[in-house]
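Please look at the sequence and the model first.

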Amino acid sequence: MSQTLPGVRTSSPDRGARPGVTPAGTRVRTTLRALTLLTPCFLPLASPAGAQVRDRARLVAALDSAARAHVESLTVPGVSVAVVRGADTLLMRGYGMVDLEWSVPTPEDASASYEIGSVTKQFTAAAVLQLVEQGKLDLDADVSEVLPEFDTRGHRVPVRRLLDHTSGIKGYTEMPVFGELVAKKLPRDTLVSLVEAEPFEFEPGTAQIYNNSAFFLLGLIIEKASGQSYEDYVREHFFAALGMRDSYYCSERDVHAHAAHGYDGGPTGLRKKGYLDHTWPFAAGSLCSSARDLVTWNRALHGGRVLSAASYREMTTPRPLLDGTAIQYGMGLGISERAGHRLIAHGGGINGFLSEGRYFPDDDLIIVVLQNSAASPAPGVLAGAFEDLVLGPVPEPRAVALDVDLDALVGDYAGPVRGSHMHMAVGRDGDQITLMGGGQSEPMRPTYVGEGVWVDRGTRLWFVTPGGTATELRIAQGSGHYVLGRVGR
């Protein structure tokens, strides 16, 4: 049974390795290239080459053509998409099938609802910030003060560190035992007990590893502070308040009109999604929504109808690590830029579904792609194609002359990454550094872009060299900032 959980994508022959939980709950080997596919897809992904289209009619036709091409894949049953620029809805419709067994077409009005996985996290973050505005929560309060039933094992964990994946708490979707739990309906404190028994992966605030446990705990904190269940809170304060009629807390039992059926990839093609009890994704990934509702949400969130200006700024401004290092994740949202265009976004993955939501504030551009398949091509590919058509393609990074001592960087480095402990061997080949780790068959050869930074697709690499010789390798990938310490000499 395939089990894809919030923010975790399982491995299959046609999708590439994704560190996390396999159907048997076992570990998979982590490589640096695999980690570039690991984070929720708020960084631009590879997309078909394309040029910016300026004429509206031609642009709409090109967007429609890209969506139709996406669902021509045998592993993509259907998608609902939205591309909205300011007051202009360029594209909002469904393609393909929401149900393969009965050949049910995806509603053309983009009203089909999908499990949106980790796109849920921005709703959770917004709920926390609303409660802060009401004086019911303090972002700087220690988790042990607001959730005394959770043992922080002597660590001080401010609530804000739960919101940006810098808490150091072990992620439950990366624990092998969780594979045995996903299909069972048990008290939620079962999971809390499993998580608190695990040692922290790093001291809070010193690194960043994408963390579903933190958002599960935030759901409990919301319930305690508000006096409502998480499900009731989001329904009342977001869905009902904003008129999001296709949105709700997902259920493995309830019947909802226009709900898409999800499919997982298998060795011989698609199959029905693996069973997952929605006790467990909870505030990390248990919401369902439609493309048209997510446009409503983006307009409201980024238009000042959900949070005060101060709270919105808090949500969309990444807080640096304790050593001052900048990260690319605010609160429930990735914060980055695409070829000079600011980008606020998040992706999601859960059994049978993948989702992508992106907002470009400088362009007032919303892109939503919801897919009822957890197989590739992922919705980030289609979202990237939409971006290319509206904003123009992203240029390749430009290499600059090397101005660092590569010999001071050569060596072995190790440290925690999501779902694994990575060992990375750094070598040199002339004026090029090479990186080998995990199951790579060929070394990575990143592009040097200056100021001690190398890039490879969505990954940035640099070294900490306090005495001239590197002591740490830093790997930054959206919602991950991994710190690998030098081992040996």
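## Glu115 and Lys273

Lys273 is partly exposed, at 28% relative accessibility. (Buried means under 20% relative accessible area, exposed over 50%, and partly exposed in between, with a 1.4 Å probe and protein chains only.) The two side chains form a salt bridge, 3.7 Å from N to O. Glu115 sits in strand β4 (residues 114-115) and Lys273 in the loop between β7 (269-272) and α9 (282-285), so the bridge joins parts 158 residues apart in sequence.

Two terms need their cut-offs. A salt bridge is a side-chain nitrogen of Lys or Arg within 4 Å of a carboxyl oxygen of Asp or Glu. Helices (H or I, at least four residues) and strands (E, at least two) are DSSP runs, numbered from the N terminus.

## Basis of the model

The model is predicted: local features need pLDDT of at least 70, side-chain atom pairs count only at pLDDT 80 or more, and totals for chains, interfaces and linings use all residues. Residues are numbered from 1 along each chain as its sequence is written, and side-chain values use heavy atoms, with hydrogens and water left out.

## A salt-bridge network

The whole structure holds 30 salt bridges. Arg338, Glu356, Arg358, Glu387 and Asp388 are linked in a network of them.

Arg338 and Asp388 pair at 2.6 Å, N to O. Arg338 is in strand β9 (residues 334-338) and Asp388 in helix α12 (residues 379-391), 50 residues apart. Arg338 is buried, with a relative accessible area of 2%. Asp388 is buried too, at 6%.

Glu387 and Arg358 also form a salt bridge, 2.6 Å from N to O. Glu387 belongs to helix α12 and Arg358 to strand β11 (residues 353-360), so this pair ties together parts 29 residues apart in sequence. Glu387 and Arg358 are both buried.

## The second largest pocket

Glu115 and Lys273 return here. The second largest pocket has 25 lining residues, and those nearest its centre are Glu115, Ser251, Ala260, His261 and Lys273. (On a 1 Å grid over the protein atoms alone, a pocket is an open set of points with protein on both sides within 12 Å along at least five of seven lines; lining residues have an atom within 4 Å of a point.)

This pocket contains about 540 Å³ of space. Its lining has 11 nonpolar, 7 polar and 7 charged residues. (Ala, Val, Leu, Ile, Met, Phe, Trp, Tyr, Cys and Pro count as nonpolar, Asp, Glu, Lys and Arg as charged, and the others, Gly among them, as polar.)

Terms used
On a 1 Å grid over the protein atoms alone, a cavity is a set of points where a 1.4 Å probe fits but cannot get out, and a pocket is an open set with protein on both sides within 12 Å along at least five of seven lines; lining residues have an atom within 4 Å of a point. Grid points are joined across faces, edges and corners, and a volume is the space filled by probe spheres set on the points.
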